[in-house]
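The sequence and structure are shown first, and the account of individual positions follows.

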Amino acid sequence: MAINFTETRQFTKAEKTYDEVLCLYRQLAEDNPAVYELKLAGTLMNAGGFYHDTQRFSESERAFQESLPIIKRLAQVDPAVYESYVALALNNVATLYRDTQRLDEAEKVYLEALALYRQLSKTNPAVHEPALAVTLNNLGKLYRAKQQIAEAQKAFQEVKEIRQRVAERQ
């Protein structure tokens, strides 16, 4: 529901919905973590994206930072299921850092996400290579912002190669 409010630019309703849902999921996750922790983490990631998109970067960071330990804990228990969530969460955190000019922190987190996506792409390229390309593209933008042109070009070239492979599979 909050995503629908965001898409229709009803930001006050979106924020109120996120607050209500997060309150509910926090309580449910406390009582039954096996069922509700992933829902809590996912809602936190969506809320973080909402706050990022509405230029409320401190709220975005708080939401992302609350979700990341949950997702990492789930990935320790079942990496096959949850490592892709960790990689996505890291990519979101890194993009926030990039957009708030914390470029060195962003690079470190992008590289962590990239390592996970590379590993995931080895076992299931059809599923994970598109996300790998997104993270590489984001890293290329970061390198361009840092005036590291050779690194940016290398990242963008790999994005092009991945996208060509993905297109050939379709």
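Leu 103 is buried, because its relative accessibility of 16% falls under the 20% cut-off for that class. The model is a predicted one, and Leu 103 is placed in helix α6, which covers residues 103-123. Leaving aside residues up to four places away in sequence, Leu 103 touches Tyr 97, Arg 98, Leu 142, Ala 145 and Lys 146. Its C-alpha atom is separated by 32 Å from that of Arg 26, a residue 77 positions apart from Leu 103 along the chain.

Asn 137 belongs to helix α7, residues 125-145. With a relative accessible area of 18%, Asn 137 is also buried. Its contacts, again not counting residues up to four places away in sequence, are Phe 156, Val 159 and Arg 163.

The structure contains four aromatic pairs. One of them joins Tyr 18 and Phe 50 in a tilted arrangement, with 5.6 Å from centre to centre and 40° between the planes. Tyr 18 lies in helix α2 (residues 11-31) and Phe 50 in helix α3, so this pair ties together parts that are 32 residues apart in sequence. Both partners are buried, Tyr 18 at 4% relative accessibility and Phe 50 at 3%. Together with Tyr 51, Tyr 18 and Phe 50 form one aromatic cluster.

| Residue | Relative accessibility |
|---|---|
| Leu 103 | 16% |
| Asn 137 | 18% |
| Tyr 18 | 4% |
| Phe 50 | 3% |

Helix α4 comprises the 21 residues 57-77. At 1.5 Å a residue, helix α4 should span 30 Å, and its end C-alpha atoms are 31 Å apart, which agrees with that expectation. The buried residues of α4 are Ser 60, Ala 63, Phe 64, Ser 67, Leu 68, Ile 70, Ile 71, Leu 74 and Ala 75. An α-helix has 3.6 residues a turn, so residues three or four places apart point the same way. The cover over the buried residues of α4 includes α3 (33-53) and α5 (79-99).

Terms used:
Residues are numbered from 1 along each chain as its sequence is written. This is a predicted model: local features need pLDDT of at least 70, side-chain atom pairs count only at pLDDT 80 or more; totals for chains, interfaces and linings use all residues. Side-chain values use heavy atoms; hydrogens and water are left out. Helices (H or I, at least four residues) and strands (E, at least two) are DSSP runs, numbered from the N terminus. Buried means under 20% relative accessible area, exposed over 50%, partly exposed in between (1.4 Å probe, protein chains only). Contact means heavy atoms within 4.5 Å. The expected span of a helix is 1.5 Å times one less than its number of residues. Rings of Phe, Tyr and Trp (its six-membered ring) pair if their centres lie within 6.5 Å; planes under 30 degrees apart count as stacked, over 60 as edge-to-face and the rest as tilted.
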